[in-house]
Amino acid sequence: MDVGEYPMAAVTSFRSFRVNCNLEAFVRMKRNNLSVVNKIGQSSPAVKQPKLGFYSSLNQTHMYPVLLDWGSLPHHVVLRVFQYLPLIDRARASSVCRRWNEVFHIPDLWRKFEFELNQPATSYFKSTHPDLIQQIIKKHAAHLQYVSFKVDSSTESAEAACDILSQLVNCSIQTLGLISTAKPSFMNMSQSHFVSALTVVFVNSKSLSSIKIEDTPVDDPSLKILVANNSDTLRLLKMSSCPHVSSDGILCVADHCQGLRELALNYYMLSDELLLALSSETHVNLEHLRIDVVSENPGQIEFHSIKKQSWDALTKHSPGVNVVMYFFLYEEEFETFFKEETPVTHLYFGRSVSKTVLGRIGLNCSRLIELVVCANGLQTLDDELICIAKHCKNLTALGLSECEVSCSAFIEFVRLCGRRLTQLSIMEEVLIPDDDYSLDEIHIEVSKHLGRIWFPDVMPIW
């Protein structure tokens with residue numbers, strides 16, 4: 001039996017609602033009797049109406065919920081309530097009465113849907129019921145516009161997601177997201193199966209504006225199909241960790257999707273040609289460029305360099321672009337980066353980064369807004385931080401962990417940046433007491449320069 005067609009679980013859960021609906025005739029009779037009394041009272045002006053005291057008013061107020069006919073609420077009111085309900089509660093509520101069941105099938109409720117696909121053996125999250133999935137495909141596929149698939153680490157869940165995608169032939173999806181909650185399970189399935197399912201959506205939607213397909217086996221030919229059918233509407237594309245996509249494939253997207261505003265990719269896809277394509281006169285201003293710099297084999301990957309002229313072309317064409325870079329490299333692999341002016345705005349180092357690289361950042365990253373260093377080593381970063389404070393005039397956020405900075409140097413850094421530092425997350429073990437300041441004194445000086453109370457972060461002890 002389809003969801004929304006009075007399932008037994010819903011009848012049990014909403015027994016109280018059904019009782020009210022069964023008494024509908026009685027409620028209407030009582031309401032009609034009241035209206036008759038009111039009419040008699042209004043037609044007899046000589047009859048003096050008694051004043052209602054406090055307790056009488058209170059009792060009359062408590063009568064209203066009893067007299068309220070929930071089944072006669074307008075569709076748009078019930079629809080508004082349904083939009084705040086989880087799917088399972090919405091389905092149960094649809095069995096209360098016929099009008100609510102009609103609202104349950106209104107297309108507006110099915111424009112956005114997240115398929116959760118998990119295997120009981122590998123995940124404790126609940127999955128979307130197979131009967132509901134079939135009902136959506138059968139009755140509401142044409143209404144879907146914002147669709148996401150959240151899968152666990154199992155290959156079976158990824159394959160189930162692709163099976164659903166391959167059936168969305170009568171859809172007009174605008175936003176598509178494929179999300180792996182643990183390991184990238186889409187990478188473990190057959191590439192031909194994945195590409196075939198994804199192509200169905202690319203061909204039939206014709207209006208895709210946002211696509212998140214990171215950690216998937218998407219390839220260059222499927223991107224060409226995407227471009228051929230959605231070049232006028234595509235605005236956001238996130239496809240980091242897609243090893244079957246080459247720099248030529250992403251260049252094809254940039255060349256034809258002139259409205260692209262947000263792009264996320266791996267560094268190996270980045271090229272001078274891509275930056276120049278994003279900077280062409282016919283291309284809209286890029287707003288967000290995220291680059292993941294990842295090394296799986298330490299010491300074996302040599303990273304190519306990007307010319308300063310290419311970066312300059314991008315910032316000239318899109319002066320407000322946010323260039324976000326995530327680094328997961330080892331110290332010896334940073335040789336290529338930050339030797340020339342780089343317009344990065346947000347920098348995140350997930351592994352150890354050397355003093356030399358941080359010194360280059362202070363000299364060549366003048367657009368820097370946010371810096372997060374997760375590890376550095378045992379050498380203090382005093383000079384490097386002060387250099388960053390002097391040259392990176394837009395810096396508003398700093399995060400430090402598993403590195404060392406003397407208390408005096410840190411206070412000087414905060415003094416140079418001043419109140420523009422809106423986010424300052426520093427682990428307490430990062431700060432090294434010196435002759436001028438102890439850990440007990442540092443928060444007072446830092447708070448004075450920030451204009452607000454500040455304390456270093458402390459690792460909780462469980």
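This is a predicted model: local features need pLDDT of at least 70, side-chain atom pairs count only at pLDDT 80 or more; totals for chains, interfaces and linings use all residues.

Student: Which residues of helix α11 are called buried?

Tutor: Within residues 220–230, they are Asp220, Ser222, Leu223, Leu226, Val227, Asn229 and Asn230. The term requires under 20% relative accessible area.

Student: What makes α10 and α11 roughly parallel to each other?

Tutor: Their axes cross at roughly 10° and come within 8 Å. Angles under 35 degrees count as roughly parallel, and α10 and α11 are therefore described in that way.

Student: Which residues of α10 and α11 meet?

Tutor: From α10 there are Val195, Thr199, Phe202, Val203 and Ser205, and they meet Ser222, Ile225, Leu226, Asn229 and Asn230 in α11. By class, this contact has five nonpolar, five polar and no charged residues.

Student: How do you know that β3 and β4 pair?

Tutor: Two strands pair if there are at least two bridges between them. Three bridges join β3 (residues 175–180) to β4, and the two strands run parallel. In one of these places, Gly177 has Lys212 in β4 as its bridge partner.

Student: Why are β1 and β13 called edge strands?

Tutor: The open sheet has twelve strands with parallel pairing, in the order β1-β2-β3-β4-β5-β6-β7-β8-β9-β10-β11-β13. Both β1 (112–117) and β13 (423–426) are edge strands, as each pairs on one side only. From one strand to the next, the twist averages 10°.

Methods: Residues are numbered from 1 along each chain as its sequence is written. Side-chain values use heavy atoms; hydrogens and water are left out. Buried means under 20% relative accessible area, exposed over 50%, partly exposed in between (1.4 Å probe, protein chains only). Helices (H or I, at least four residues) and strands (E, at least two) are DSSP runs, numbered from the N terminus. Axes are lines fitted to C-alpha atoms, for helices over the stretch in contact, and angles run from 0 to 180 degrees between N-to-C directions. Angles under 35 degrees count as roughly parallel, over 145 as roughly antiparallel, 65 to 115 as roughly perpendicular and the rest as oblique. Contact means heavy atoms within 4.5 Å. Ala, Val, Leu, Ile, Met, Phe, Trp, Tyr, Cys and Pro count as nonpolar, Asp, Glu, Lys and Arg as charged, and the others, Gly among them, as polar.
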